[in-house]
Amino acid sequence: MADLSKYRNIGIFAHVDAGKTTTTERILKLTGKIHKTGEVHDGESTTDFMEQEAERGITIQSAATTCFWNDHRMNIIDTPGHVDFTVEVYRSLKVLDGGVGVFCGSGGVEPQSETNWRYANDSEVARLIMVNKLDRLGANFYRVVDQVRNVLGANPLVMTLPIGEEDGFVGVVDLLSEKAYVWDDTGLPENYEVTDIPADLVDKAAEYREELIETALEQDDDLLEAYMEGEMPTMEQIKACIRKGTRDMSFFPTYCASAFKNKGIQLILDAVVDYLPSPTEVDPQPITDEAGEPTGEVATVSTDGPLRALAFKIMDDRFGALTFVRIYSGTLNKGDTILNTFTGKTERVGRMVEMHADDRTELSTAQAGDILAIVGMKNVQTGHTLCDPKFPATLEPMVFPEPVISISVKPKDKGSTEKMGIAIGKMVAEDPTFTVETDQDSGETILRGMGELHLDIKVDILRRTYDVDLEVGKPQVAYRETITQAIEDSYTHKKQSGGSGQFGKIDYRIKPGEPGSGFVFTSTVVGGNVPKEFFPAVEKGFKGMMDTGVLAGFPVLDVEVELFDGGFHAVDSSAVAFEIAAKGAFRQSIPKAGAQLIEPIMKVDVFTPDDHVGDVIGDLNRRRGMIKDQEAGTSGVRIKADVPLSEMFGYIGHLRTITSGRGQFSMEFSHYMPCPQNVADEVIAEVKAANEAAKK
């Protein structure tokens with residue numbers, strides 16, 4: 001069995017364009033996994049192997065690879081930076097033990113860095129920080145360190161200082177060893193020499209080193225006391241303290257580098273080995289019951305225990321369906337039968353492979369701590385637990401955000417309908433934030449996703465990978481409905497014609513719920529006017545109607561229903577009668593309760609050069625945006641605003657026009673808010689017109 005203390009499962013994550021994929025390329029080259037580095041801007045990087053990734057120079061799906069450094073095995077996942085693919089980061093963090101957060105030396109802490117950092121905090125993943133692109137114009141290591149402190153509220157532990165800046169960035173000072181690492185102009189990562197610290201950095205290095213040692217020793221009171229009395233700790237003791245503080249997320253060791261110029265990567269690899277936790281040092285995954293509630297048990301990481309594994313990603317490629325799995329305990333062998341606790345079905349493991357981007361190596365056995373892919377699993381989806389059939393257990397499941405934008409698609413020729421259905425089925429299995437449904441009235445296929453780019457890529461994949469030519473409708477917003485006032489009402493359902501009758505009377509109160517509460521049902525009936533066994537039927541009737549509102553048929557959010565009285569008939573009352581009564585009550589009362597259309601509001605983060613700030617703010621105001629904050633940086637201004645999604649279609653093209661091509665933005669769903677009346681009227685009229693057209 002492999003030694004688990006020599007394992008490092010790490011992810012590389014950051015804002016779009018901060019250099020994650022380039023960093024992964026350099027790590028693979030340094031560890032001997034590849035012999036020639038491919039550049040992102042040439043469309044030749046190893047982990048960006050999709051056509052769409054190579055063309056656009058962005059990462060769309062997370063890619064896994066394995067390499068070795070200093071006798072340690074690293075399983076690395078390169079994740080996307082773009083907000084539309086955040087789910088890839090979230091589900092990767094769920095199965096990783098540590099991470100490297102990459103920040104651009106000139107861009108600093110950008111919007112998506114914040115989102116990813118928040119996800120990593122939620123998943124309690126220990127991290128190193130790498131300030132990349134220090135060779136770029138406007139790069140400033142110390143400014144980025146301040147931003148990590150102020151914007152992310154994190155505690156960066158500075159481990160290296162840059163030698164030179166922008167074009168003059170030649171190397172780094174390692175504060176622990178008090179040595180300088182200087183690279184020559186060849187651009188080769190191995191061409192460096194270790195020298196004394198340059199004279200102009202000696203004082204600064206001494207100041208930062210003292211701060212580093214004091215912060216690290218706070219992890220061990222005895223060592224700190226001895227240090228205060230003048231006794232210097234050994235290098236091993238300092239490293240042990242840094243390792244403990246990193247694992248507890250008390251601080252984040254921070255390094256400077258230029259991945260593109262091959263400077264500083266070796267020290268980061270050493271830090272991954274020295275400071276990031278092995279699988280056995282991370283808090284074990286909680287085990288839950290069928291409802292997702294923790295049972296108090298945990299999946300202890302050990303090769304001796306029963307098999308516990310989490311499927312965190314499904315990918316369809318030229319060889320069939322791949323299920324990416326992280327094993328938490330036990331071992332998995334080719335030919336084993338494993339249980340999927342979500343479906344209750346068992347499957348036999350045919351082939352197991354270790355992934356290197358889109359290449360693979362066959363495996364016959366795998367163990368706790370490994371990240372691998374199983375070929376040809378039938379009914380497994382993202383978040384399902386795979387385990388030993390004799391010892392069933394469910395690991396804590398993943399929760400994914402709801403899609404906020406939709407488009408309608410139909411194949412240009414009738415013969416492609418089945419092909420499109422199969423292709424979309426595979427894509428939905430791969431991506432939990434991408435959903436599909438059929439419009440009952442028009443028969444159109446509706447695709448839902450996280451943003452315009454997300455759906456744009458999906459349509460592109462359908463066209464090129466699956467060869468389905470599509471007609472695409474314009475993007476639609478996921479509107480919802482709610483109520484604004486509380487009412488008390490009564491409804492009686494009775495049917496007495498031939499055979500046994502039906503009778504159910506309910507007296508109820510309906511009121512707006514707390515935002516995000518969904519549907520809440522309570523019963524305060526006393527005296528048995530509505531027997532207890534009919535309460536679930538009343539709840540089911542109301543809940544079943546929440547999917548279709550009365551204004552324009554959008555799902556209804558945040559409604560509380562209280563059943564307080566009613567009446568029943570000894571012979572004619574049944575669960576069905578009370579369920580029908582509740583449905584009729586919903587139709588009768590929701591219009592009286594001030595039904596209202598609500599729209600998704602996006603948290604928008606715009607970067608613009610200084611001379612276009614006024615234009616950008618004016619434009620956001622015209623889009624019904626609420627400006628929340630402005631932050632001036634060295635190369636421009638970041639504007640944060642809440643803007644309705646319906647006003648943001650095609651925004652990137654407009655932003656580039658008003659900022660001479662230099663503006664950037666990202667957005668993610670924030671909350672729902674009431675629509676202004678004129679907007680609501682337009683939306684309702686459009687829906688009615690579409691329904692009429694569909695009937696004809």
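Of the 696 residues of the protein, 53% count as buried, where buried means under 20% relative accessible area with a 1.4 Å probe and protein chains only. The model is a predicted one, in which local features need pLDDT of at least 70, side-chain atom pairs count only at pLDDT 80 or more, and totals for chains, interfaces and linings use all residues. Residues are numbered from 1 along each chain as its sequence is written, and side-chain values use heavy atoms, with hydrogens and water left out.

The protein exposes about 30500 Å², and 49% of this area comes from carbon and sulfur atoms (Shrake-Rupley method, 1.4 Å probe). Among contacts (heavy atoms within 4.5 Å) with a separation of 6 or more, 71% join residues 24 or more positions apart.

There are 16 helices and 38 strands in the protein, taken as DSSP runs (H or I, at least four residues, for helices; E, at least two, for strands) and numbered from the N terminus. Four of the strands make up an open sheet with the order β7-β8-β9-β10 and antiparallel pairing; two strands pair if DSSP finds at least two bridges between them. Because β7 (160-163) and β10 (192-195) each have a single partner strand, these edge strands are left without a neighbour in the sheet on one side. On average, neighbouring strands of this sheet are turned by 25° against each other, direction ignored (axes are lines fitted to C-alpha atoms, for helices over the stretch in contact, with angles from 0 to 180 degrees between N-to-C directions).

Within the sheet, four bridges link β8 (residues 171-174) to β9 (residues 179-183) in the antiparallel sense. Valine 173 has alanine 180 in β9 as its bridge partner. Helix α9 (residues 265-275) lies across β7, β8, β9 and β10, and runs at about 130° to β9.

Terms used. Buried means under 20% relative accessible area, exposed over 50%, partly exposed in between (1.4 Å probe, protein chains only).
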